[in-house]
Amino acid sequence: MRESQSRKTITLIKGDGIGPEVADAVVKIIAAAGVAIGWDVAPAGANAFEKCGTVLPEYTVDSVKKNKVALKGPVGTPIGEGFKSISVALRKRLELYANLRPVKSLPKINSRYQNIDLIIVRENTEGLYSGIEHEVVPGVVESLKIITEKASTRIAEFAFQYARNNNRKKVTAVHKANIMKLSDGLFLQCSRKVAEKYPDIEYDEKIVDNACMQLILNPYQFDVMVLENLYGDIISDLCAGLVGGLGTAPGANIGNEYAIFEAVHGSAPDIAGKNLANPIALLRSAILMLEYIGEQPAATRIQRAIEKVLEKGKVLTRDLGGTATTTEITGAIIAEL
Ligand code: ATP
């Protein structure tokens, strides 16, 4: 197999639960595709807490800053012990303001719809994920939703620029400005202002509850969707469900300087350590990463290999209706390369 010319160093955060299993699978497949990557393995999550006494060691943040790009498995956040989400902390510290989640049907996957191809652009740094909560008096808590003109404009710019660069026709802003008139109102105002600069791209708006119903009734009406943080989180799981579930749904966190590629799913403790996890979600995130670093031919080869395995339908993990293990589906994808 042809090896790419220059060896790149990329940070690898294997994470918790099924993270190490799917990360090891993806590393093997990328090597089999002939891409020369030196992986700088960096800890984060519950495993890092056990080894280093902190869920997000400085080494890990520094490694991403140095290498600019990371591939990340899911991390577990210990609940109720005062830990903040590591993924949220990484996104904030590295200003990874755009969470890109392509939703695309794969062949032969048993799902409600075929040929879905839409893009979710989720604001990643504020909204209800600001993590500012306090108890006002016993029995009453406040959780603050922060919406700024800067972050709303930046995410709308990202969505429209993505649409233009990728030959997409329409951007839909999703909101609840009828109720949250100031916060979601500002988000909408910023989206509208940016939309004016892109007359070649159609712009429309949907209230979030209606957007959920419309996605179930007719997902083909959507192209690029831009959403603030919490709506993006919920709608991307809904969309993963439209095209076959979390086992295949990829994602990327992108900022101006750094990018971290990670699947939509969590650490799936129910199947961790059992060799049952589907590595395709992280693998498709790695495909986005390969495109980002200019390894388009390898990205295309891996995508085709995934499609061939799914078309044959013989080696499928349990979430896809089969009985194959993580090791078996990894082997099948490598064989198709
Ligand atoms: P988080 O809160 O961390 O996002 P979550 O509550 O969304 O996590 P997941 O860990 O993503 O939960 O798991 C949800 C369900 O999907 C579980 O039943 C899990 O086994 C399944 N699942 C998630 N990822 C995969 C995968 N890669 N392969 C197979 N099944 C998966």
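Residues are classed as buried under 20% relative accessible area, as exposed over 50%, and as partly exposed in between (1.4 Å probe, protein chains only). The structure is a predicted model, in which local features need pLDDT of at least 70 and side-chain atom pairs count only at pLDDT 80 or more, whereas totals for chains, interfaces and linings use all residues. Residues are numbered from 1 along each chain as its sequence is written, and side-chain values use heavy atoms, with hydrogens and water left out.

Helices (H or I, at least four residues) and strands (E, at least two) are DSSP runs, numbered from the N terminus. Two strands are taken to pair if DSSP finds at least two bridges between them. Under this criterion, ten strands form an open sheet of mixed pairing, in the order β2-β1-β3-β12-β11-β4-β5-β10-β8-β9. Its edges are β2 (37–41) and β9 (202–207), each of which pairs on one side only. From one strand to the next, the twist averages 25 degrees; angles run from 0 to 180 degrees between N-to-C directions, and axes are lines fitted to C-alpha atoms, for helices over the stretch in contact.

Strands of a sheet pair through backbone hydrogen bonds, either parallel or antiparallel. The antiparallel sense is found for β4 (residues 98–104) and β5 (residues 117–123), which pair over seven bridges; P102 has I119 of β5 as its bridge partner. Helix α4 (residues 86–93) packs on the sheet, with contacts (heavy atoms within 4.5 Å) to β1 (8–13), β3 (69–72), β4, β5, β11 (252–254) and β12 (259–262). The direction of α4 makes about 155 degrees with that of β12. Helix α5 (residues 149–165) also packs on the sheet, touching β4, β5, β8 (170–175), β9, β10 (224–227) and β11, and its direction makes about 160 degrees with that of β5.

Strand β3 takes part in parallel pairings with β1, over three bridges, and with β12, over four bridges. The bridge partner of L12 in β3 is L71, while A70 stands opposite I260 in β12. In a regular strand the side chains alternate between the two faces of the sheet. In β3, V69 and L71 point one way and A70 and K72 the other, and all are buried. K72 is also linked with R91 and E262 in a network of salt bridges.

A salt bridge is defined here as a side-chain nitrogen of Lys or Arg within 4 Å of a carboxyl oxygen of Asp or Glu. By this rule the count comes to 18 salt bridges. One of them joins the side chains of D223 and R168 at 3.1 Å, N to O. This pair links distant parts of the chain, 55 residues apart, with D223 in the loop between α7 (208–217) and β10 and R168 in the loop between α5 and β8. Both D223 and R168 are buried. In a further salt bridge, the closest N and O atoms of K176 and D209 are 3.0 Å apart. K176 lies in the loop between β8 and α6 (183–196) and D209 in helix α7, 33 residues apart. K176 is buried, at a relative accessible area of 18%, whereas D209 is partly exposed at 44%. R192 and E205 form another salt bridge, their closest N and O atoms being 2.6 Å apart. R192 belongs to helix α6 and E205 to strand β9, so this pair ties together parts that are 13 residues apart in sequence. Both members are partly exposed, R192 with a relative accessible area of 41% and E205 with 26%.

K68 is located in the loop between α3 (58–67) and β3 and is partly exposed at 37% relative accessibility. E95 lies in the loop between α4 and β4 and is partly exposed at 39%. V55, in the loop between α2 (46–52) and α3, is buried with a relative accessible area of 10%. The C-alpha atoms of V55 and V75 are separated by 9.2 Å, the two residues being 20 residues apart along the chain.

At the surface, V136, V137 and V140 form a nonpolar patch with about 220 Å² of accessible area together. Accessible areas come from the Shrake-Rupley method with a 1.4 Å probe, and for residues only the protein chains shown count as cover. Patches consist of residues with over 30% relative accessible area and no salt bridge, like charges being joined within 9 Å and nonpolar side chains (Val, Leu, Ile, Met, Phe, Trp, Tyr) within 5 Å. V137 is part of strand β6 (residues 133–137) and is partly exposed, with a relative accessible area of 44%.
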